[in-house]
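Some labels need their cut-offs beside them.

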Amino acid sequence: MSKDWDAHYLSQPSHSQPATVVAAYAHRLPAGPVLDLAGGMGRNAFFLARRGHPVILLEQSRVALEFVQSEAARQQLPVWAIEANLEAPSPSLPPGPLAGIVKSYFLHRPLLELFAPRLMPGGLVLLEGFTVVEAQRRGSQAAHYWQEGELLHPPQGLHLRAWAEGWMNGHHRTWAVWKRVG
């Protein structure tokens, strides 16, 4: 059964800190637009927009989309929230060129192959999520979690720039920075 994301976001606080990898590597993004996949309530999008990046946030929850649209207008930030089913057989992503792509705590592996052609040279992919170790701890299905060491192997056209994996704030997590070279 699919998770009810509207109910999930209604029960969550509306503001939170950006993902660890976003906070640590946002300063390395080249100038330009950033794509935030399954961006939820906009924690990464607002952080990046405050640093001068126009952000396109794709999300399926209407609750999250309405919140992000309202907050972007209220704060006068360049964030556009668009409804998208990123697990569809052929998801529609903006063509680019993009300065960056953020994929935080959302895993749909077929999207990974779509990243390199959409990035400008020097563009970054910032990824973060839970691992299968965390899935075992939670009793969850491992299909929605990164395999140990999986982020060490970016798809064709991208190169690993930074990576970490292990226990962080009580959860087994992984993150990586991939860069388009040339």
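**Labels and their grounds**

Leu152 lies in the loop between α5 (132–138) and β6 (158–168). Helices (H or I, at least four residues) and strands (E, at least two) are DSSP runs, numbered from the N terminus. This is a predicted model: local features need pLDDT of at least 70, side-chain atom pairs count only at pLDDT 80 or more, and totals for chains, interfaces and linings use all residues. Residues are numbered from 1 along each chain as its sequence is written, and side-chain values use heavy atoms, with hydrogens and water left out.

Q: Why is Leu152 called partly exposed?
A: Buried means under 20% relative accessible area, exposed over 50%, partly exposed in between (1.4 Å probe, protein chains only). Leu152 has 33% relative accessibility, so it counts as partly exposed.

Q: What makes strand β5 (residues 119–130) mostly covered?
A: Ten of its twelve residues are buried.

Q: How do you know that β5 pairs with β4 and with β7?
A: Two strands pair if DSSP finds at least two bridges between them. Strand β4 (residues 98–104) and β5 have six, in the parallel sense. Ile101 has Val125 in β5 as its bridge partner. Seven bridges join β5 to the antiparallel β7 (residues 171–180). There, Leu127 stands opposite Ala176 in β7.

Q: How do you know that the buried residues of helix α4 (residues 62–75) share a side?
A: In α4, Ala64, Leu65, Phe67, Val68, Glu71 and Ala72 are buried. They cover an arc of only 165 degrees around the axis (directions from the helix axis to the C-beta atoms), so they lie on the same side of α4. The face turned away carries the exposed Glu66, Ala73 and Arg74.
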